[in-house]
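Today I open a new model and go through it place by place. I note what I look up and what I find.

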Amino acid sequence: MTAIPNPLLPGFNPDPSVVRVGDTYYIVTSTFEYLPGIPVYRSTDLVEWERIGNVVTRPEQAELEEVSTAGGVWAPTIRHRDGVFYVIVTIAMGRGCVVYSAIDPAGPWDDGVLIGEIEGIDPDLNWDDSGVAFVTYSGLVTTGEDFGKHTGIRQVDVDLATGAVLSEKRSLQVGTGGMFPEAPHVYKRDGWWYLMIAEGGTERGHSVSIARSRDPHGPFENGPANPILTARGTDRPVQNTGHGDLVETPDGEWLMVLLGVRPRGAVRSFSALGRETFHTRVRWVDGWPEADPVLLAPRPGDVVEEIDLGAPLDGGWMAVRRTPASVISPVERPGALTLRGEGTGMDALAPVFVGRRQLHQTASVRVTVRVDDAAGGLAVRYDEATFYEVVAEGRGDVTEVTARAVVPGFERVASVTVPAGPVELELAAVRPEATAFVSMVTSDVVRLIARAGGVEHVLAEVDGRSLSAETAGSFTGRVVGLVALRGDVSFEGWRYEGSDA
Ligand code: 6LW
């Protein structure tokens with residue numbers, strides 16, 4: 001197993017879970033307040049990954065309309081048994097613990113069964129030797145009066161058809177005592193049941209620990225070398241490594257998929273893209289798994305992706321607490337995507353916005369916008385309190401273009417007036433000069449640019465660290481896309497260019 005890229009799934013793809021069926025691997029990741037939710041990625045060689053569908057395509061499956069910042073779809077686990085795929089997940093600060101199923105992992109997935117009595121996050125699903133399903137989860141309370149309380153790793157037997165719990169909740173002791181024991185996964189191998197967890201929190205202290213038992217219900221004995229994976233205190237380029245899930249290849253090798261970030265800076269550093277999916281190799285020594293350090297191996301080269309916005313949107317587009325279809329205007333303009341503004345902005349809970357993950361450390365998006373008596377443009381978002389945008393507003397003979405950088409409690413604005421007509425807008429995340437001091441303290445610089453009438457206007461250059469995993473209130477990553485503020489805003493000629501060089 002060489003030449004598997006790392007990140008495996010670049011951009012906002014945290015909390016990965018993996019299953020292999022035959023010679024095909026499937027990975028799912030967290031999507032929080034975005035729809036469609038929970039992408040399903042497929043690969044047969046671990047190198048090329050294709051997004052074949054989403055678990056959550058209908059709003060009623062997840063009920064995200066009012067979910068708060070940082071809440072929503074957290075940490076799905078994907079498993080397969082007797083011809084059925086299962087994805088169990090927490091809709092945090094919302095619907096709760098839900099298990100979805102499908103025969104075809106590309107979908108459609110069902111509406112999901114609520115396991116209402118599970119109070120916690122990061123559910124895992126497995127079956128004991130008699131075929132009884134059990135859910136192992138992290139007892140972090142995300143609703144009600146006990147919000148924030150943590151009761152450790154827990155487990156309960158469940159009826160997947162009804163969502164009823166069938167046993168007492170068992171408390172499982174595992175790990176080194178790090179904060180936020182979470183992301184449990186249970187595996188059976190050679191007569192042992194292994195319980196793997198993350199601990200230390202999903203920041204620089206993140207880690208993975210292991211325990212085992214002859215009984216899936218425990219008690220579990222901790223591994224001799226916990227944590228078996230962490231980047232804490234190291235200068236490795238991939239940090240925050242944790243939240244892993246294991247898979248065995250057809251030739252008996254083992255792999256862990258996990259989340260990590262690619263921070264840039266120095267003592268303090270910032271991860272523009274958010275938490276991404278990485279992998280590392282796992283070896284079994286005396287009945288215990290040992291994980292290799294997570295190496296950085298991004299796919300080489302410049303990637304250019306041009307999208308015909310006149311064609312139907314593919315499933316890589318996401319909207320916030322609503323479906324992408326719901327933001328599209330009924331007025332169709334040939335060759336263009338037209339969004340209908342609702343008088344709201346990017347600070348709205350459900351803005352008129354569709355976007356895609358920023359996939360590379362250096363990246364730019366360009367689009368041409370028409371705003372005859374309308375307003376809209378390009379935006380890059382972490383959440384409703386944290387976004388940068390460059391928007392054009394048609395005002396008769398002229399168009400006013402405004403760049404805005406918004407972080408909690410602060411806003412920076414710059415404007416220019418250009419002749420009426422199409423305007424090309426660009427958001428470009430660039431590296432500061434390597435020799436400049438700022439390169440030691442930030443991830444990148446985001447340039448907000450407009451071009452009209454043959455003139456380029458760099459309206460603002462904003463420090464990218466304010467739009468990073470370390471600073472945003474949400475657990476998401478950068479999503480860059482199209483926003484309509486008012487009127488029918490038409491977009492043409494989407495061009496994404498990215499590089500990890
Ligand atoms: C995820 C949990 C976590 O459920 O963040 O802090 C949550 N760690 O494992 C959202 O990604």
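This is a predicted model: local features need pLDDT of at least 70, side-chain atom pairs count only at pLDDT 80 or more; totals for chains, interfaces and linings use all residues.

Entry 1. A term first: strands here are DSSP runs of E with at least two residues, and they are numbered from the N terminus.

I looked up the peptide bond between N226 and P227. The bond is cis, with omega about -5°. I then turned to G107 and P108. The peptide bond from G107 to P108 is cis as well, with omega near 0°. P108 belongs to the loop between β8 (96–102) and β9 (113–114).

**Entry 2. Positive phi.** Next I looked up backbone angles. M93 is not a glycine, yet its phi is positive, near 60°. I found M93 in the loop between β7 (84–92) and β8. Is D190 buried or exposed? I checked its setting before its area. D190 has a positive phi too, near 50°. Its loop runs between β14 (182–189) and β15 (192–199). D190 has 62% relative accessibility, so it counts as exposed, for which the cut-off is over 50%. M93 has a relative accessible area of 24%, so I wrote it down as partly exposed.

**Entry 3. The ligand.** Which residues surround the ligand? I listed D15, F32, W74, A75, D122, E182, T202, H243, R275 and F475. I sorted this shell by class and got 4 nonpolar, 2 polar and 4 charged residues.

Then I checked distances to oxygen atoms of the ligand. An N or O atom in the side chain of D15 is 2.6 Å from a ligand oxygen. For D122, the side-chain N or O atom is 2.5 Å from an oxygen of the ligand. H243 has a polar side-chain atom 3.0 Å from a ligand oxygen. I also looked up how much of the ligand is covered. On its own the ligand has 300 Å² of accessible area, and the protein covers 95% of that.

**Entry 4. R275.** I stayed with one residue of the shell. R275 lies in the loop between β22 (269–270) and β23 (276–285). Its relative accessibility is 6%, so R275 counts as buried, which means under 20%. Where does the side chain of R275 reach? It reaches the backbone oxygen of F475, at 3.2 Å. Both R275 and F475 are in the list around the ligand.

**Entry 5. The largest pocket.** Now I looked for empty space. Rolling a probe the size of a water molecule over the atoms shows where such space is left. The largest pocket has a volume of about 710 Å³. I found 25 residues in its lining, and P10, Y41, W49, E305 and L359 lie nearest its centre. At least two lining residues come from each of β5 (50–56), β25 (303–307), β28 (353–357) and β38 (488–499). By class, the lining has 13 nonpolar, 3 polar and 9 charged residues.

**Entry 6. The cavity.** How many cavities of 30 Å³ or more does the whole structure hold? My search gave 1. The space in the largest cavity is about 80 Å³. Two or more of its lining residues come from each of β29 (362–370) and β34 (423–430). Among the lining residues are Q358, A363, L427, V446 and R478. I sorted the lining and got 9 nonpolar, 2 polar and 1 charged residues.

Technical notes:
Residues are numbered from 1 along each chain as its sequence is written. Side-chain values use heavy atoms; hydrogens and water are left out. A residue is near a molecule or strand if one of its heavy atoms lies within 4 Å of it. A polar contact is a pair of N or O atoms within 3.5 Å; within protein, one must be able to donate a hydrogen and the other to accept it, and residues adjacent in sequence count only if both atoms are side-chain atoms. Accessible areas come from the Shrake-Rupley method with a 1.4 Å probe; for residues, only the protein chains shown count as cover. Ala, Val, Leu, Ile, Met, Phe, Trp, Tyr, Cys and Pro count as nonpolar, Asp, Glu, Lys and Arg as charged, and the others, Gly among them, as polar. Helices (H or I, at least four residues) and strands (E, at least two) are DSSP runs, numbered from the N terminus. Buried means under 20% relative accessible area, exposed over 50%, partly exposed in between (1.4 Å probe, protein chains only). On a 1 Å grid over the protein atoms alone, a cavity is a set of points where a 1.4 Å probe fits but cannot get out, and a pocket is an open set with protein on both sides within 12 Å along at least five of seven lines; lining residues have an atom within 4 Å of a point. Grid points are joined across faces, edges and corners, and a volume is the space filled by probe spheres set on the points.
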